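Here is a short briefing on one structure. Please keep the sequence and the 3D view open while reading.

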Amino acid sequence: MQITVDEDKCCGAGQCVLLAPEVFDQREEDGIVVLLDSEPPAGEHDTVREAAAVCPAAVIRLTA
């Protein structure tokens with residue numbers, strides 16, 4: 001799995017961080033998503049998919 005995020009469209013809701021803190025974080029100053037691991041291990045894939053699904057700004061893109 002390969003993950004990309006569109007920081008310009010992120011609204012800083014933080015749902016991704018709550019679901020997958022090993023993969024996503026937020027910038028201190030504005031809450032914008034920070035991608036910590038663009039190719040997470042298989043054990044994180046389900047939570048990353050859920051994070052992408054619940055992102056209100058739909059900024060998380062997943063590819064195989």
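Glu7 is partly exposed, at a relative accessible area of 38%. (Buried means under 20% relative accessible area, exposed over 50%, and partly exposed in between, with a 1.4 Å probe and protein chains only.) This is a predicted model: local features need pLDDT of at least 70, side-chain atom pairs count only at pLDDT 80 or more, and totals for chains, interfaces and linings use all residues. Residues are numbered from 1 along each chain as its sequence is written, and side-chain values use heavy atoms, with hydrogens and water left out.

- Glu7 sits in the loop between strand S1 (2–5) and helix H1 (15–19). Helices (H or I, at least four residues) and strands (E, at least two) are DSSP runs, numbered from the N terminus.
- In sequence, Glu7 and Ile32 are 25 residues apart. In space, their C-alpha atoms are 6.5 Å apart.
- Beyond its neighbours within four places in sequence, Glu7 is in contact with Arg27, Ile32 and Val33. Contact means heavy atoms within 4.5 Å.

**Salt bridges**

- The count comes to five salt bridges. The rule asks for a side-chain nitrogen of Lys or Arg within 4 Å of a carboxyl oxygen of Asp or Glu.
- Glu7 lies in the loop between S1 and H1, and Arg27 in the loop between strand S2 (24–26) and S3, so the pair ties together parts that are 20 residues apart in sequence.
- Arg27 is partly exposed, with a relative accessible area of 30%.
- Lys9 forms a salt bridge with Asp6. Their closest N and O atoms are 4.0 Å apart.
- Lys9 is exposed at 57% relative accessible area, whereas Asp6 is partly exposed at 29%.
- Asp46 and Arg49 also pair by their side chains, at 3.3 Å from N to O. Both lie in helix H2, three residues apart, about one turn of the helix.
- Asp46 counts as exposed at 58% relative accessibility. Arg49 counts as partly exposed at 43%.
- Salt bridges with shared partners join Glu7, Arg27, Glu29 and Asp30 into one network.

**Glu44: a buried charge**

- Which side chain of opposite charge is nearest to Glu44? It is Arg49, 11 Å away. Lys and Arg count as positive and Asp and Glu as negative, while His and the chain ends are not counted.
- Glu44 is buried, yet has no salt bridge.
- Glu44 is found in the loop between strand S3 (33–35) and H2.
- Leaving aside neighbours within four places in sequence, Glu44 is in contact with Ala20, Glu22 and Val23.

**His45**

- His45 belongs to helix H2. This residue is buried, with a relative accessible area of 15%.
- The side chain of His45 reaches the backbone oxygen of Pro40 at 3.1 Å.
- Apart from neighbours within four places in sequence, His45 is in contact with Met1 and Pro40.

**Ala58**

- Is Ala58 in a helix, a strand or a loop? Ala58 is in the loop between helix H2 (45–54) and strand S4 (60–63).
- Phi of Ala58 is near 50°, a positive value in a residue other than glycine.
- Ala58 is partly exposed, with a relative accessible area of 42%.
- Ala58 and Cys10 are 48 residues apart along the chain. Their C-alpha atoms are separated by 8.0 Å.

**Cavity**

- How many cavities of 30 Å³ or more does a search of the whole structure find? The search finds one. A cavity is a set of points, on a 1 Å grid over the protein atoms alone, where a 1.4 Å probe fits but cannot get out.
- The largest cavity has a volume of about 100 Å³. Grid points are joined across faces, edges and corners, and the volume is the space filled by probe spheres set on the points.
- The largest cavity is lined by 14 residues. Closest to its centre are Cys10, Ala13, Gly14, Cys16 and Cys55. Lining residues have an atom within 4 Å of a point.

Methods:
A polar contact is a pair of N or O atoms within 3.5 Å; within protein, one must be able to donate a hydrogen and the other to accept it, and residues adjacent in sequence count only if both atoms are side-chain atoms. On a 1 Å grid over the protein atoms alone, a cavity is a set of points where a 1.4 Å probe fits but cannot get out, and a pocket is an open set with protein on both sides within 12 Å along at least five of seven lines; lining residues have an atom within 4 Å of a point.
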